Amino acid sequence: MNTDKYFASRRTIRKYDTTRDIHASAIMEMLEDAAHAPNTGNMQIYSVIITKDEDGKKALAPAHFNQPAVMNASAVLTFCIDLNRFSHWCRINDTTPGFNNLQGFTWGVIDASIFAQQFCTIAEMNGMGTCYLGTTTYNAEPIAKALELPEGVIPVITVTVGYPAENPEISDRLPIEAIAHLEKYHLADSAEIKNIYAEKEALPSSKQFITENSKDNLAQVYAEVRYPSEANEKFSQVYREFLKNQGIQI
């Protein structure tokens, strides 16, 4: 791989070569390197569960809406906030941990995300492919049940990894001027917003989304079909209840 062009040319891989396995020891090695990523206070309040066994993948698949990547990946990695381990360490050292709150939860989300991305970068630079599954927080409870997560351990990110069996198009991105603000935030007006999204809206795949979903434009597809308010509210409530049951008060 040309590492000079790695970030500009990386692809999300959803189809994997099932004839090529990634040994658990290789995954552990990459995770060890990834764990050198920065984290809050060097507390490392995260854990990752590696699922390679076929039965384990089958147990996780329904929680991820049976996406094919779960079953054909060499491994499924579930990155979790882990307040359990650090809090236990505090208690056996005669001090009271205070992380089961919004601040502790936020630290965990940030640190687990950095850890997960560091792993993805390492895996991809070694010729493997990865895919983030956006379903983890939708179905945290069944995932926790399948992985036997104790109180204080919250699944936040799932990544599939394997050797690629496809070479998909590079995903489109907004122009950097849309997301990078020099010195202070620039509040774009309607004309600028239209210009920012013009290239994305003109893509054949975007036009197909619009047609398939009988909508007038791409924004409607996102707001009314892919991520409708009703579903967001429902899954927010489900996740909030799960967090409460796991001892997190937010």
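A residue is called buried when its relative accessible area is under 20%, exposed when that area is over 50%, and partly exposed in between, with a 1.4 Å probe and protein chains only. The structure shown is a predicted model, in which local features need pLDDT of at least 70 and side-chain atom pairs count only at pLDDT 80 or more, while totals for chains, interfaces and linings use all residues. Residues are numbered from 1 along each chain as its sequence is written, and side-chain values use heavy atoms, with hydrogens and water left out.

**View 1. Strand β2 is largely enclosed by the rest of the structure, because eight of its eight residues are buried.** Helices (H or I, at least four residues) and strands (E, at least two) are DSSP runs numbered from the N terminus.

**View 2. Four strands form an open sheet with antiparallel pairing, in the order β1-β2-β4-β3.** The edges are β1 (46-51) and β3 (129-133), each of which pairs on one side only, and the twist from one strand to the next averages 25 degrees. Two strands count as paired if DSSP finds at least two bridges between them. Strands β2 (residues 75-82) and β4 (residues 153-162) are joined in the antiparallel sense over eight bridges; in this pairing V76 has T160 as its bridge partner, and T78 stands opposite T158.

**View 3. Helix α5 (residues 83-91) lies across β1, β2 and β4.** The helix runs at about 40 degrees to β2, where axes are lines fitted to C-alpha atoms, for helices over the stretch in contact, and angles run from 0 to 180 degrees between N-to-C directions.

**View 4. Helix α2 (residues 24-34) has I27, M30, L31 and A34 among its buried residues.** These four cover an arc of only 100 degrees around the axis, which puts them on the same side of α2; the arc is that of the directions from the helix axis to the C-beta atoms. On the other side of the helix, E29 and E32 are exposed. The buried residues of α2 pack against β1, β2 and α6 (102-125), with contact taken as heavy atoms within 4.5 Å.

**View 5. S47, in strand β1, is joined to D82 by a side-chain polar contact of 2.6 Å.** A polar contact is a pair of N or O atoms within 3.5 Å; within protein, one must be able to donate a hydrogen and the other to accept it, and residues adjacent in sequence count only if both atoms are side-chain atoms. With a relative accessibility of 18%, S47 counts as buried. Leaving aside neighbours within four places in sequence, S47 is in contact with T78, F79, C80, D82 and R85.

**View 6. The count of disulfides comes to zero, a disulfide being a pair of cysteine sulfur atoms within 2.5 Å.** For C80, the closest cysteine sulfur is that of C120 at 15 Å, which is too far for a bond. C131 is likewise in no disulfide, and the nearest cysteine sulfur, again in C120, is 9.0 Å away. C80 is buried, with a relative accessible area of 0%, and C131 is buried too, with a relative accessible area of 2%.
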